[in-house]
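Please walk through the strand pairings, the helix packing and the side-chain contacts of the structure shown below.

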Amino acid sequence: MIGVDTMRAFIAIELPDEIKQGIARVQEQLRKTDISAGWTRSEGIHLTLKFLGEVPDAKVQEIMAAITEAAQGTGKLNLTVEGAGAFPHARNPRVLWIGVTGDIEKLAALQAAVEDSMAGLGFEREERKFSPHLTLARIRFPKPRDNWQQVIEGIKDVKLGGFEAGHVSLMKSELKREGAVYTEIGRVEL
């Protein structure tokens, strides 16, 4: 979009610092296994509801109004960060994740409402079914020497605790040499 200021954006539930610190400890444990992965910066980990891609700055107000409408009546969510796994599966992983449990039906309804509201603004719908998770690492080229099943077995029962999600954020993502940096652009209370 020549001449139009844009930002890379997504809609997410942010995590409390104590959960992020727990994730950092799990990542440190995994790094010691010497597996080859691109690690997500723990301070930037969040629960993504919708990735928007490049968004004109002028559309932020409209997006915030749509998020407000989508979140109406949801109420706060009690979520727990526990369990771990890999997408698509442990034998040939592309993403290592920690799971999210708790008010999953309410969370899924919120995500569906956000998806619908963004589709109404012209954003492409996500084809994959919503699977709430927190990305620990991305694996571009799984190496045969990396025993992924054993690694995942070692963290599958992880429990990092619960938290109350009280808002949804519109986030700006800036890709930098040291990794993505996320900035909250707007917030809608649940």
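In strand 9, Val188 is the bridge partner of Val168. The model is predicted, so local features are reported only at pLDDT of at least 70 and side-chain atom pairs only at pLDDT 80 or more, whereas totals for chains, interfaces and linings use all residues. Residues are numbered from 1 along each chain as its sequence is written, and side-chain values use heavy atoms, with hydrogens and water left out.

Strands here are DSSP runs of E with at least two residues, and helices are runs of H or I with at least four, numbered from the N terminus. Two strands pair if DSSP finds at least two bridges between them. Strand 8 and strand 9 run antiparallel and are joined by ten bridges; they form a hairpin with two residues between them. Strand 8 also pairs with strand 1, in the antiparallel sense, over five bridges. Here Leu170 in strand 8 is the bridge partner of Ile11.

Ser173 lies in strand 8 (residues 167-176). At 8% relative accessibility Ser173 is buried, where buried means under 20% relative accessible area, exposed over 50% and partly exposed in between (1.4 Å probe, protein chains only). Contact means heavy atoms within 4.5 Å. Not counting residues up to four places away in sequence, Ser173 touches Arg8, Phe10, Ala180, Val181 and Tyr182.

Two of these contacts, Phe10 and Tyr182, also meet each other. The structure holds two aromatic pairs, a pair being rings of Phe, Tyr or Trp (its six-membered ring) with centres within 6.5 Å; planes under 30 degrees apart count as stacked, over 60 as edge-to-face and the rest as tilted. The rings of Phe10 and Tyr182 have centres 5.1 Å apart and planes at 85 degrees, so this pair is edge-to-face. Because Phe10 lies in strand 1 (residues 6-14) and Tyr182 in strand 9 (residues 179-189), the pair ties together parts that are 172 residues apart in sequence. Phe10 is buried, with a relative accessible area of 4%, whereas Tyr182 is partly exposed at 30%.

An open sheet is formed by five strands in the order 2-6-5-4-7, with antiparallel pairing. Strand 2 (38-39) and strand 7 (159-165) stand at the edges with a single partner strand each, so one side of each is left without a neighbour in the sheet. Strand 4 and strand 7 are joined by six bridges, and Leu77 stands opposite Ala165 in strand 7. Helix 3 (residues 104-120) packs on the sheet and touches strand 4 and strand 5. The direction of helix 3 makes about 85 degrees with that of strand 4; axes are lines fitted to C-alpha atoms, for helices over the stretch in contact, and angles run from 0 to 180 degrees between N-to-C directions.

Helix 4 lies across strand 4, strand 5 and strand 6, running at about 160 degrees to strand 4. Which residues of helix 4 are buried? They are Trp148, Val151, Ile152 and Ile155. Down the helix axis these fall within an arc of 95 degrees, so they line one face of helix 4; the arc is that of the directions from the helix axis to the C-beta atoms. Gln150 and Gly154 are exposed on the other side of helix 4. The cover over the buried residues of helix 4 includes helix 1 (17-31) and strand 6 (133-138).

Gln27 lies in helix 1 and is buried, with a relative accessible area of 1%. Leaving aside neighbours within four places in sequence, Gln27 is in contact with residues including Trp39, Ile45 and Leu136.
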